[in-house]
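Please read the following note alongside the sequence and the coordinates.

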Amino acid sequence: MVDSKNFLELLREVYDDGNIEMEVRSYSGRGMYGDNCIAVVLGGYTSAWTLALAIADRNNGNMDLFGLDAPREDSMGLGRVYYWPSLKWPEGEEGFGSED
């Protein structure tokens with residue numbers, strides 16, 4: 001199973017490639033009662049499918065990230081946030097992305 005720090009590193013690599021407009025941040029979704037997990041807010045015309053392909057490309061073409069569940073999604077005004085409740089936000093880590 002993928003852990004939070006490794007998944008954040010993978011997302012950082014995807015972001016650093018410069019092909020995906022996104023923000024990676026801590027998020028507390030529905031039913032999480034204040035717990036924070038890893039979340040991605042996609043920008044522009046980036047779709048969840050585009051993000052999935054970029055993650056697979058960075059993961060040597062492997063779409064199965066060692067048991068990682070599909071993300072949940074919430075609406076955030078005009079955008080959407082995709083989050084993984086099982087991947088707790090690592091203490092001391094900062095988000096990155098479109099606000100950089």
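Two strands are taken to pair if DSSP finds at least two bridges between them. Helices (H or I, at least four residues) and strands (E, at least two) are DSSP runs, numbered from the N terminus.

1. Basis of the note. This is a predicted model, in which local features need pLDDT of at least 70 and side-chain atom pairs count only at pLDDT 80 or more, while totals for chains, interfaces and linings use all residues. Residues are numbered from 1 along each chain as its sequence is written, and side-chain values use heavy atoms, with hydrogens and water left out.

2. Confidence. The pLDDT, which is the predictor's confidence in each residue on a scale from 0 to 100, averages 85 over the chain, and 89% of the residues score at least 70. Confidence is highest in strand 1, with a mean of 95, and lowest in strand 3, with a mean of 84.

3. Overall layout. Contact here means heavy atoms within 4.5 Å; of the contacts in the chain with a separation of 6 or more, 63% are accounted for by residues 24 or more positions apart.

4. The five strands form an open sheet in the order 3-4-2-1-5, with antiparallel pairing. Strand 3 (72-76) and strand 5 (96-97) stand at the edges with a single partner strand each, so one side of each is left without a neighbour in the sheet.

5. Strand pairing. Strand 2 and strand 4 are paired in the antiparallel sense over five bridges, and Ala39 stands opposite Tyr83 in strand 4. Strand 1 and strand 2 also run antiparallel and are joined by six bridges, with Val40 in strand 2 as the bridge partner of Val24. Strand 1 (residues 22-27) pairs with strand 5 in the antiparallel sense over two bridges, and here Glu23 stands opposite Gly97 in strand 5.

6. Burial. A residue counts as buried under 20% relative accessible area, as exposed over 50%, and as partly exposed in between (1.4 Å probe, protein chains only). On this basis, buried residues make up 41% of the 100 residues in the chain. Strand 2 (residues 37-42) is mostly covered, as six of its six residues are buried.

7. Nonpolar cores. A nonpolar core is a set of buried Ala, Val, Leu, Ile, Met, Phe, Trp, Tyr and Cys residues joined through side-chain atoms within 4.5 Å. The largest such core has 22 residues, and those with the most contacts inside it are Phe7, Leu11, Met22, Val24, Ile38 and Val40. At least two residues of this core are supplied by each of helix 1, strand 1, strand 2, helix 2 (48-58) and strand 4, and helix 1 gives the most, with six residues. A second, separate core of seven residues includes Met32, Ala39, Val81 and Tyr83.

8. Surroundings of Val24. When its neighbours within four places in sequence are left aside, Val24 is in contact with Leu8, Leu11, Ala39, Val40, Trp89, Gly95 and Phe96.

9. Aromatic pairs. Rings of Phe, Tyr and Trp (its six-membered ring) pair if their centres lie within 6.5 Å; planes under 30 degrees apart count as stacked, over 60 as edge-to-face and the rest as tilted. The structure holds three aromatic pairs. One of them, formed by Phe7 and Trp84, is edge-to-face, at 5.0 Å centre to centre and with 70° between the planes. This pair links distant parts of the chain, with Phe7 in helix 1 (residues 4-16) and Trp84 in strand 4 (residues 79-88), 77 residues apart. Phe7 counts as buried at 0% relative accessibility, and Trp84 is buried with a relative accessible area of 6%. Another pair joins Tyr27 and Tyr83, whose ring centres are 5.0 Å apart and whose planes are at 55°, so the pair is tilted. Here too distant parts of the chain are linked, Tyr27 lying in strand 1 and Tyr83 in strand 4, 56 residues apart; both tyrosines are buried.

10. A charge over a ring. A charge sits over a ring if NZ of Lys or CZ of Arg is within 6 Å of the ring centre and within 35 degrees of the ring normal. The charged end of Arg12 sits in this way over the ring of Phe96, 3.9 Å from its centre.
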